[in-house]
Amino acid sequence: MNVITSIKLYIEKMCSESGPGMKTMLLDKETTSIISMAFAQSDMLQREVFLFERIDSGRSNERMKYLKCIVFIRPTKQNVQLLAQELRSPKYGSYFLYFSNIIPRTDIKFLAECDESESVREVKELYADYLAVNPNLFSLNIPTCMQRLNWLPDALTRSVHGVVSVLLSLKLNPVIRYRSGSTVAQTLAKQIFEQITKESSLFDFRTHENGAAPPLLLILDRRDDPVTPLLHQWTYQAMVHELLSIRNNRVDLSGIQGIPKDYKELVLSGDQDEFYGKNMYANFGEIGSTIKGLMEEFQRKAKDQKKVESIADMKNFIETYPQFKKMSGTVQKHLCIMGELSSLTTKRNLFEVSELEQEIACRAEHSQQLQRIKKIIGDERTSINDVIKLVALYALRYERHANCDTSGLLQMIKSRGGQTHIIPSLIEYAGTHMRQGELFNLVRIAGAIKLTRNFIIGLKGVENVFTQHTPLLKETLEEVFKGRELDSMYPAINSELVPFRRPPQEVVVFMVGGATYEEALAVHQLNNAGYRVILGGTYIHNSTSFIDEVLAATENMQFKHTKSMLRHYASSDNY
């Protein structure tokens, strides 16, 4: 179960089926991202793809009959119309049509009628309709999927297509379970089930021998765990996303002073960058030590490169130079990123902020935590956005506490010019009335009392005081693999497939409202322990994009649960 491998196999298939010779690729906005996240441009050049064009943007009318054209697009109505125009007056010698999902037969018939010159050689469905981020993580790139806490119709359709495509590419016909009490999870589960039933011939995979349980598709709701996306992260991939933002495996550093011109936009792909692939789950301290080791190795090699004294040395230099150049780029790239992460951590007082975030998420010590939050709000070094996240965590944990002082904290945020309406929106979105089960009652830390507060900051490593929190997802998956009774919390849509209490071998989790890199780390750890899990979400959130999603989902909504406490701090439209 590896989503990057699945996408790569499909792209390989397109390139090989079109045969030898120069090729161009005709893509839409989404399939451009799908391909660029799986292969670098140099990889595509090796497969004789020399030109990339977008079907939905202005293109030249120059005819290039000597080129073969691989068309890889989503089967949307707009794309079918644009492709029909292309086939009526073809620019290229021959066309190989690949759709990233199931396409209606009527559309195929319509395209065949438009192909008067009979230039189409191949028409196929290849189920690569999602962004493969890590081997165990996919995204559908939908930043906001709800309005007034219900599905946006386009987001629902896209989610159905995306999840069905993942199941087809991994050859899984699963039991579908959804979070009870979540209408968005239930609606998605029903529509996926209807699609699988309608296309039953496509899902006719071999049944599991020896009475093994069928795979499981588990549809969860982000609102059950609003804490994970709000916490500051300390593993490399998650930390880069939280502080610098990763979009389609790219990090934009153009707004930062002193960054060399060639490093304004960096590609971070575990598949294309060996160092990143090995270290994406390492914590901040470990990465510092690893980069130091990489630097020392690089300096050693740089000294060796200078000793070119004989013909044999010259030959050796020419052979090793590309490798040396690549290593030089890797070192420089990760030094740029680490330098910026280190500088932001110090500038924003993140060690202190993060420690308190973890304490609020993992322990109930109301009065002590309230005093510490007030102290941090008063510290000008702490950015207002970090303050809002701290108060958000406090409001979620102590929403029903007798001495809850969220209003007092909001007054302090207001005096610093912060956006106070975020907190009531978050409570409406994921307060106690919305969550199933109790998020904070779980004892989440082993030996929390014994944690040494021994800060060895810098290269020696971030103490585990910063990584006490475990996402709810990890506990949910552990329950699934222990074969616990799931029907009450996660009812099954297609219950006839449910076996007698046998835990599934393969699980695909889809998070409505977006997943996080901290959850991807938990899935990675489970996979390392021998389980087989893939995690996906409507989006991959950091705290900023999560707050944006919360605000979009609660916009123009009547607030029912925060009237008494927060009347003065939300938008008047909400009351």
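The model is predicted: local features need pLDDT of at least 70, side-chain atom pairs count only at pLDDT 80 or more, and totals for chains, interfaces and linings use all residues. Residues are numbered from 1 along each chain as its sequence is written, and side-chain values use heavy atoms, with hydrogens and water left out.

Strands here, like helices, are DSSP runs numbered from the N terminus (E, at least two residues, for strands; H or I, at least four, for helices), and two strands pair if DSSP finds at least two bridges between them. Strand 1 (residues 23-27) is joined to strand 2 in the parallel sense over 5 bridges, and K23 stands opposite V49 of strand 2.

A further open sheet is formed by 6 strands in the order 6-7-16-15-11-10, and its pairing is mixed. Strand 6 pairs with strand 7 (residues 137-139) in the antiparallel sense over 3 bridges, with N134 opposite L137 of strand 7. Helix 18 (residues 517-528) packs on this sheet and touches strand 6, strand 7, strand 15 (506-512) and strand 16 (532-537), where contact means heavy atoms within 4.5 Å. The direction of helix 18 makes about 170° with that of strand 16.

Residue N101 lies in the loop between strand 4 (92-99) and helix 5 (105-114). Its relative accessibility of 2% places N101 among the buried residues; buried means under 20% relative accessible area, exposed over 50%, and partly exposed in between (1.4 Å probe, protein chains only). The side chain of N101 makes a polar contact of 2.8 Å with the side chain of D129. Such a contact is a pair of N or O atoms within 3.5 Å; within protein, one must be able to donate a hydrogen and the other to accept it, and residues adjacent in sequence count only if both atoms are side-chain atoms. Apart from neighbours within four places in sequence, N101 is in contact with P75, E125, L126, Y127, D129, H161, G162 and S165.

Among the helices, helix 13 (residues 366-378) has 13 residues and reaches 19 Å from its first C-alpha to its last, close to the 18 Å expected at 1.5 Å a residue; the expected span is 1.5 Å times one less than the number of residues. Its buried residues are H366, Q369, L370, I373, I376 and I377. Viewed down the helix axis, the buried residues of helix 13 fall within an arc of 125°, so they line one face of the helix; the arc is that of the directions from the helix axis to the C-beta atoms. The face turned away from that buried side carries the exposed residues S367, K375 and G378. The cover over the buried residues of helix 13 includes helix 12 (350-362), helix 14 (384-397) and helix 15 (406-415).

Helix 8 (residues 236-243) is largely enclosed by the rest of the structure, because 8 of its 8 residues are buried. Just after helix 8, S245 takes a positive phi of about 75°.

Most residues other than glycine have a negative phi. L149, which is not a glycine, has a positive phi of about 65°. L149 is placed in the loop between strand 8 (146-147) and strand 9 (150-151), and at 9% relative accessibility L149 counts as buried. N248 likewise has a positive phi, near 50°. N248 occupies the loop between strand 12 (246-247) and strand 13 (250-252) and, at 23% relative accessibility, counts as partly exposed.

Finally, G483 lies in the loop between helix 17 (472-481) and strand 15. G483 is buried, with a relative accessible area of 18%. Between G483 and R502 there are 19 residues of separation in sequence and 5.8 Å in space, C-alpha to C-alpha.

Technical notes:
Axes fitted to C-alpha atoms, helices over the stretch in contact; angles between N-to-C directions.
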